[in-house]
Amino acid sequence: MTTPAVELVDIVKRFGAITALQPMSLTLPEGSFVTLLGPSGCGKTTTLRMVAGLLDPSAGEIRIKGKRVNETPIHKRNLGLVFQNYALFPHKTVYDNVAFGLRYRDIERSQIKKLVNEALDLVQLPSLGDRYPKQLSGGQQQRIALARAIVIKPDVLLLDEPLSALDANLREDMRVELKRIQHQLGITTLFVTHDQSEALAMSDTIVVMSAGNVEQVGAPEEVYNTPSSEFVARFLGASNIIESRTLSVDGEHAMVEARDFGNVPVPIERVRNAITGRESKLVIRAEFLTLNKTDKTPADGVLSVNGQVETVDYQGQAVRYFVRVGDRQLQAINMIDGHPFAEGETVSIHVRPRDCALLPGAIT
Amino acid sequence: MNGWSFIRLHAILIYLFMFLPVGVVVLLSFNDSQFGSFPMTGVSLRWFVELWNNDAIVRAFKVSFLLGGLTAMISTTIGVLASLALVRYEFPGKQFMSTLLIAPILVPEVVLAVALLLFLRFLNVPKSFPLLLLGHVIFTMPFVVLVVQARLVGITRNVEEAALSLGASPIQTFFTITLPLLAPAIFAGALFAFTISFDDITGTLFWKPGGVETVPTQIFAMLRNSISPEINALGTVMIVLTVGLPLFGAALARTISSRRGA
């Protein structure tokens with residue numbers, strides 16, 4: 001087995017009496033794209049800064065290419081760092097910004113020129129070399145920051161919310177661009193974001209964090225479809241979490257009795273720690289609840305419950321409904337098919353049991 | 001007469017009040033008469049020539065330039081280091097240190113001057129040029145610290161962190177990134193320190209050793225004897241220096257930053 005690019009072994013970070021990061025272990029295989037996802041204050045940036053060498057872990061070990069780097073200062077770690085605010089050197093031209101890291105390496109002048117131009121080509125800004133950063137747009141500046149980070153062929157690329165300062169449209173373009181470049185170079189990447197759609201779109205592995213703890217580590221589909229906790233279910237996408245009781249568990253299904261929905265056979269691969277007779281939580285993504293006219297009978301095996309539309313949030317290609325069912329509001333996101341339902345309308349909500357997931361414990 | 005023209009007139013009068021005396025001094029410095037007052041009898045540069053030939057004044061200029069230059073150098077160096085510590089690092093008593101560093105401009109200069117003098121007397125140290133320099137450094141440094149600190153706060157730490165991540169050591173990062181970005185503020189701080197030191201009379205009168213005169217103390221001494229037209233010429237030279245230098249500095253700073261597309 002090859003050595004992983006980065007290994008974090010039980011690293012902890014304390015600031016005085018506050019523990020910003022509980023013991024955390026993580027392995028980044030060579031060439032992988034790993035995302036730390038969580039709300040602000042969850043410890044994701046703290047973790048990135050420890051890998052960078054901008055913070056010292058209070059305990060634990062950080063290894064880059066199998067070598068312990070706890071005592072290695074940042075400028076000897078061979079890292080690429082990209083910040084949310086670009087952090088280009090305002091007094092240097094684009095060319096000199098990109099060439100900066102190369103000047104501290106044993107590289108000939110002619111070779112530097114070649115490498116810088118290659119990097120600028122890669123980020124698709126080949127003709128901006130003699131401009132100053134202030135003359136560029138935000139998106140261009142971020143591309144230059146990326147070029148500056150990758151030109152030194154870092155062992156690991158650290159991205160600290162690099163897209164958060166960009167406009168929505170540009171952000172999506174840059175997302176694709178960033179992923180293309182990462183893929184093309186095969187560079188190991190640690191990406192920090194609070195934006196779940198960025199995390200889902202770009203990552204090989206997502207690490208969901210909350211309050212200094214790792215909530216779940218998994219591939220995007222895994223984290224999205226089989227959340228390990230209520231926090232993960234709520235943080236990624238819009239979820240409905242319904243109290244339920246586990247009735248029985250067999251090799252294929254966990255049969256639960258959910259409030260309003262009745263008996264739901266949840267496929268076993270989407271069930272976590274179901275114990276017969278105990279309380280559990282049924283997780284249904286908003287996009288798997290479909291609204292129908294009340295006279296439409298559900299297909300075989302599809303559950304249905306009646307509700308009343310309270311709020312309609314029109315989003316263009318889709319509509320988000322808030323539907324009152326009993327004393328609770330459910331969220332449904334449906335593609336527009338004909339005419340959207342109106343506020344106050346009574347609808348039949350359908351859901352397929354195989355689109356549900358099950359978590360242990362009572363709702364918090 | 002409507003309100004706006006009244007305000008305009010008011011403004012003009014205030015400017016006249018402020019600058020007319022200065023204008024008069026400049027005008028009279030070119031007066032041919034041997035009395036430094038009106039009426040003007042002709043235009044001449046003779047008082048500037050006299051000035052040039054007056055050893056005491058030339059000596060005073062040399063002292064003032066040396067003092068101002070050294071004050072600017074020392075106060076800028078220490079001021080920049082102090083600003084770095086105050087902005088970039090956390091240490092106990094930081095707020096207190098910061099206030100203490102600014103204090104010399106809050107304390108009346110006479111009080112500061114007497115205090116330093118008494119302190120030196122207490123230590124039994126005779127007055128000397130290095131001590132005069134020390135005094136000037138003390139009350140010019142707050143200006144450097146204020147200007148440099150303001151600029152440093154605006155330089156995000158991320159820029160330095162980016163340089164470090166690219167392989168520059170902390171010292172290389174300081175000289176290739178932080179210092180060039182701070183340069184306009186350092187330059188402004190140094191100019192401040194120089195002009196303040198060059199202009200100062202209160203502190204200098206208390207601290208200067210016998211026989212050493214700066215330009216302001218020289219003017220002061222000359223005025224006690226008689227009002228010579230030389231003083232007008234000297235005043236003009238002082239005005240040109242202390243007004244021209246900062247203006248030149250500001251223009252230079254603007255040119256540099258516009259070249260960077262700022």
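This is a predicted model: local features need pLDDT of at least 70, side-chain atom pairs count only at pLDDT 80 or more; totals for chains, interfaces and linings use all residues.
Residues are numbered from 1 along each chain as its sequence is written, chains are lettered from A and ligands numbered from 1 in the order in which they are written, and side-chain values use heavy atoms, with hydrogens and water left out.

Q: How many helices and strands does chain A have?
A: Helices (H or I, at least four residues) and strands (E, at least two) are DSSP runs, numbered from the N terminus. The C-alpha trace of chain A spans about 75 × 45 × 40 Å along its principal axes. Chain A has eight helices and 20 strands.

Q: What is the secondary structure of chain B?
A: The C-alpha trace of chain B spans about 70 × 60 × 40 Å along its principal axes. Along the sequence, the pattern is α-α-α-α-α-α-α-α-α-α-α. The count for chain B is 11 helices and zero strands.

Q: What share of the accessible surface of chain B do carbon and sulfur atoms supply?
A: Accessible areas come from the Shrake-Rupley method with a 1.4 Å probe; for residues, only the protein chains shown count as cover. For chain A, the surface comes to about 16,200 Å², with 47% belonging to carbon and sulfur atoms. Chain B exposes about 14,400 Å², and the share from carbon and sulfur atoms is 74%.

Q: Which residues have the most contacts inside the largest nonpolar core?
A: A nonpolar core is a set of buried Ala, Val, Leu, Ile, Met, Phe, Trp, Tyr and Cys residues joined through side-chain atoms within 4.5 Å; buried means under 20% relative accessible area, exposed over 50% and partly exposed in between, with a 1.4 Å probe and protein chains only. The largest such core has 104 residues, and helix H8 (residues 170-199) of chain B gives the most to this core, with nine residues. Those with the most contacts inside the core are Leu146(A) and Leu158(A).

Q: Why is the pair of Tyr321(A) and Phe341(A) edge-to-face?
A: Rings of Phe, Tyr and Trp (its six-membered ring) pair if their centres lie within 6.5 Å, and planes under 30 degrees apart count as stacked, over 60 as edge-to-face and the rest as tilted. Here the centres are 6.1 Å apart, and the pair is edge-to-face because the planes stand at 70°.

Q: How far apart in sequence are the parts that this pair ties together?
A: Tyr321(A) is buried, with a relative accessible area of 4%, and Phe341(A) is buried at 14%. Tyr321(A) lies in strand E17 (residues 318-325) and Phe341(A) in the loop between strands E18 (328-335) and E19 (346-351) of chain A, so the parts tied together are apart by 20 residues.

Q: Is Lys13(A) buried or exposed?
A: Lys13(A) is found in strand E1 (residues 6-15) of chain A. Leaving aside neighbours within four places in sequence, Lys13(A) is in contact (heavy atoms within 4.5 Å) with residues including Ile18(A), Met50(A), Leu55(A) and Asp56(A). With a relative accessible area of 10%, Lys13(A) is buried.

Q: What is the C-alpha to C-alpha distance of Lys13(A) and Gly212(A)?
A: In sequence, Lys13(A) and Gly212(A) are 199 residues apart. In space, their C-alpha to C-alpha distance is 9.0 Å.
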